[in-house]
Amino acid sequence: MTSALLVVAFYYPIGTVLVEAVIVVDGGVTLGVFAEILRDPFYFGELARLFAKESPFAVAPDIVSSDRRLGIIGFTAYQAVLSTIASVALGLPAAYLLARFEFRGRQALRSLTIVPFVLPSIMVAVGFVATFGRNGTLNAVLGAVGLPPVELMFTLEAIVIAHVFYNAPLVARVTTAAWESVDASAVETARSLGAGPIRAFYDVVAPQVYPAVLTGAALTFVFTFGTFPIVLALGGFQLATVEVFIYRFVRDLSYAEAAALAIIELVISLGVLLAYLRYEARNTVRSRGARPLPRRSLFPSAPTARELLPRLGLAGYVVVAGLVFVAPIASMVLASVTGGDGGLTLDHYRFLVDRQRTGTAFQVRPWPAIRNSLTFAGAATLLALPMGVVVAVLTTRRYRGRKLVDAAAMAPLAVSGIIVGLGLLRGLVFGFEVWGWRITVAGSVAIVVAHAVAGYPFVVRTVAPGLAGLDRSLIESARALGASRVRVIRDIELPLVWPGVVAGAAFAFAISIGEFTATVVLATGVDAYTMPVAIERFIGRRLGPATAMGVILLIVTGLSFVVVERLGGESRGL
Amino acid sequence: MTDDETTADRRDTARPARRHTRRQFLAVGGAAAGAVALAGCSAEQTGDGTGDDGDGTDKNTGDDTDGEDNGTEETPTLTVATYESFIDAPSVSPGEWLKDEFESRFDAELEWATPDNGVNYYIERERSGADLNADLYVGFNTDDLVQIDEELNDGLFAESGDIAGLEAVREGLRFDPFDRAVPFDTGYISLVYNGTQTEAPETFDGLLDDEHRGALIAQNPGSSTTGRAFLLHTVHRFGDGADGAIDGADGDTAYDYLDYWAELQDNDVRVLGSWDNTYSAWSEGEAPMVVSYSTDQVFADMEGADLGEHQIRFLNDQAYANPEGMAVFNGADHPDIAREFMSFMLEPAVQGEIAERNVAFPATDTADLPDDYAALAQEPADPVTFRYEELQGSVSEWVSDWERQFAGN
């Protein structure tokens, strides 16, 4: 059922788009488009010469030289690697803080780490210009302490910082979960055997935290490899990534090129995911200790050098985090209450109220946007959960090629959003013909399907490690006692991995709330727009109305997460 | 939640509740999946003949009102496709007024459709063999029309036929050599600059001066109308090379638009993704000049902004003109009402309203406009634009050559 749904709702529609890479006008099959892209230095830089069968010895010196051409794809990978390193660098201290220290608001902070994930890039761009721009907060602070201003906008650095904004919280979330599940007794044993605290960390804690860091890093790479609107908003066209060109080719109806680029993008992303999955399989350390490491108080009663040092480091981190994560959001909130004359005003919220009251049926109004967002997110989550759990069960059984199935199940993370939107639009909304009947699907349903498909890989990722670590004998005994397969999943496996399911649900929900690219393509009716779509519509010459809607998105999602995590109980995994 | 501070008894009470939630989740999930599978789908017989998408074809998605013909007594519904900001902009848009006015005078209901990606959405529907579900499209440019004709053998639109008021349309705006598109308004793409920070140069060459280093923000011509118009203006000015189709107005065949852009890039021009991106960056003071519409002061005045910060510059006294057209879809359900609507759009009073509410210029020279309109909405001395024939076969190459040069790294 799940696989059938996946095939109908995802692989078939997407396949119909991707296959255009190899179909020529008269219906024949060709690899010409691929060959052309592979040999094109514009896309592959110096590597293209290898694909064009130049001697590796001729190419190698140019590749290592400093003025080598990266090509669009090389550059995309380069910025993704930089973004991944930076996201891990800024995500780990947050995980350390959240996993090892106790302070007021820790749980709320942990819930809110998902918020950057749902912010539409338009809002992030607004917040970033206001924070890192020429007249932004950062330069105001630098000026106040007598330092020269920095020019960050329209540079690679701006893009990387924006990617950190989106992905470091993700790294922090996964890592925190792993860190919390380190068994205190293992550390105590190591210490009692004479290991110093640093040695104990390296030998006991690090091996258990490391795979989670890699999970975060792999996902970050995949997301930033497929980055799109933020690049053109904060960087500019000279820093265009491969997704920019996929998008442009789709808009231009040049599907062969779009599909070929999308496949290349997909193959690279899946390669990274596959490598990570192989690593995960070999290095899953499961000591689901009943007793996690005790948290330390953030403000120790008796300050010693050893107590103070990490806290000073964290204090420094909090300053950086405040600039990267809090300042853009705060700037956005500020923009929503700033009038044209620079004074404080509630006009932009009044605009939303007016639009709600007097807007015509064919115009975008705030309340339907909120309602649709929540309905779609709820429905997509309910759809993604069973899909994710079933796929997780499939990928934790032992058989040949299991890792491939696992990687294929992760494909929705790595497929370009515009291609998903186009595939579902053509495959479901326009309809397909079966035996003389044209089957069509309403745009709203297609949106739910698109969101569910985008969200279920997270459920797989949060549930699969738990399932893999389950005691097989439990399941075998239940089966021996006559329980059906379904019954075993429902009564034994699911309750044991429930925290992972909740964590996956939160992510599926977040993905749905934040999704824009496919939604806007599918929301062809007047009744299917979501909050991110409304934000885009409210953008005009003044940013006020759009930022006000953005603040509403923030509040609605923030509240939803606190509710989801309270309802779901303790969460672990992602 | 984590279990750090959770006491044992709290966990015990929490557990049955959780299991309960899970069961509910699963039950609801199953039901939802089923309901989704049933509710959103609809099926319809595709008819006996192939390609029979003429009259009598039903609408197939639930959210479209139907357009019954065959002389039913119901009020017919005219479905007008357009771009979003035509009916739904945060400032002003003509959609609502047009709908009310049209419905009060004609025996028809007007329904707007604004699919993302505009005209391309209908190209896509046509290619997929799906019914278009719309009668006419309002608001496409010359390059949209070129794209349609390149993608579809039979095009997308029918000939306009006899439209009352067509003779009043200004001569230079009739951009369709095959008489399908009827222009209803036009706009000019120019520089908008903050006069309190800089004085914009008078010419294209002036933009290359050191003084204006990093001072201009433009848009990606591949995805933005203003960005494309500005690129086309540079092609018009500098030509597309010695063996190209266009001889630049600068008279130097050896120096083409790509050469100019190379120098512009050296002078740190910023090219962002969309007009929104650029206008907000410009408003925040990231650079003093932006490529935008020559009607900028109309908006600025509406907002009570300082007009000194919203100055218009026509480079070389020129601006690229982007006339917007409307046309009836092939196989429209109500072609006659659609043509009545087009005549309605050309009436002097309606032309004036469109110009004011879409903040553009009328297509006819008979439009009723307030006398002071021209004070804020500026027109260049020398509007330039490419004809359909000039864009055909060239525009996509101009854009992709530019992309390859600008993003080459």
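**Notes on a predicted two-chain model**

1. A:Ile439 lies in strand β4 of chain A, which covers residues 437-441; helices (H or I, at least four residues) and strands (E, at least two) are DSSP runs, numbered from the N terminus. This is a predicted model, in which local features need pLDDT of at least 70 and side-chain atom pairs count only at pLDDT 80 or more, while totals for chains, interfaces and linings use all residues. Residues are numbered from 1 along each chain as its sequence is written, and chains are lettered from A and ligands numbered from 1 in the order in which they are written.

2. A:Ile439 is partly exposed, because 15 other C-beta atoms lie within 10 Å; a residue is called buried if 20 or more other C-beta atoms lie within 10 Å of its own, exposed if 12 or fewer, and partly exposed in between, with C-beta atoms placed from the backbone. The C-alpha atom of A:Ile439 is separated by 8.7 Å from that of A:Val429, and these two residues are ten residues apart along the chain.

3. Two backbone angles deserve a look. Most residues other than glycine have a negative phi. A:Leu253, although not a glycine, has a positive phi of about 65°, and its place is the loop between α15 (242-251) and α16 (255-283) of chain A. B:Val359 is likewise not a glycine and has a positive phi of about 45°; B:Val359 is found in the loop between α11 (348-357) and β13 (361-362) of chain B.

4. In chain A, the axes of helix α23 (residues 443-468) and helix α25 (residues 485-514) come within 8 Å and cross at roughly 150°, where axes are lines fitted to C-alpha atoms, for helices over the stretch in contact, and angles run from 0 to 180 degrees between N-to-C directions. This angle makes α23(A) roughly antiparallel to α25(A), since angles under 35 degrees count as roughly parallel, over 145 as roughly antiparallel, 65 to 115 as roughly perpendicular and the rest as oblique. The residues that make the contact include A:His451, A:Phe458 and A:Val459 of α23(A) and A:Glu493, A:Leu496 and A:Phe507 of α25(A); two residues are in contact if their C-beta atoms, placed from the backbone, lie within 7 Å. Sorted by class, this contact of α23(A) with α25(A) has 13 nonpolar, seven polar and one charged residues, where Ala, Val, Leu, Ile, Met, Phe, Trp, Tyr, Cys and Pro count as nonpolar, Asp, Glu, Lys and Arg as charged, and the others, Gly among them, as polar.

5. Another helix pair in chain A is α15(A) and α22 (residues 417-429), whose axes come within 9 Å and cross at roughly 30°. That angle makes α15(A) roughly parallel to α22(A). The contact is made by A:Ile246, A:Tyr247 and A:Val250 of α15(A) together with A:Ile418, A:Ile419 and A:Leu422 of α22(A), and by class these residues divide into six nonpolar, no polar and no charged.

6. Chain B has 14 helices and 14 strands, and buried residues make up 49% of its 409 residues. Among the contacts in chain B with a separation of 6 or more, 72% are accounted for by residues 24 or more positions apart.

7. Six strands of chain B form an open sheet with mixed pairing, in the order β3-β2-β4-β12-β5-β13; two strands pair if DSSP finds at least two bridges between them. In chain B, β3 and β13 stand at the edges with a single partner strand each, so one side of each is left without a neighbour in the sheet. Strand β2 (residues 77-82) of chain B runs parallel to β3(B) and is joined to it by five bridges, and B:Leu78 has B:Leu110 in β3(B) as its bridge partner. On the β4 side, β2(B) pairs with β4 (residues 136-140) of chain B in the parallel sense over three bridges, and B:Thr82 stands opposite B:Val138 in β4(B).

8. Which residues of α8(B) are buried? They are B:Trp275, B:Asp276, B:Asn277, B:Thr278, B:Tyr279, B:Ser280, B:Ala281 and B:Trp282, which is eight of the nine residues of this helix (residues 275-283). What covers them includes α9 (121-132) and α14 (229-235) of chain A, as well as β7 (216-219), α6 (225-238), β8 (270-272) and β9 (289-293) of chain B.
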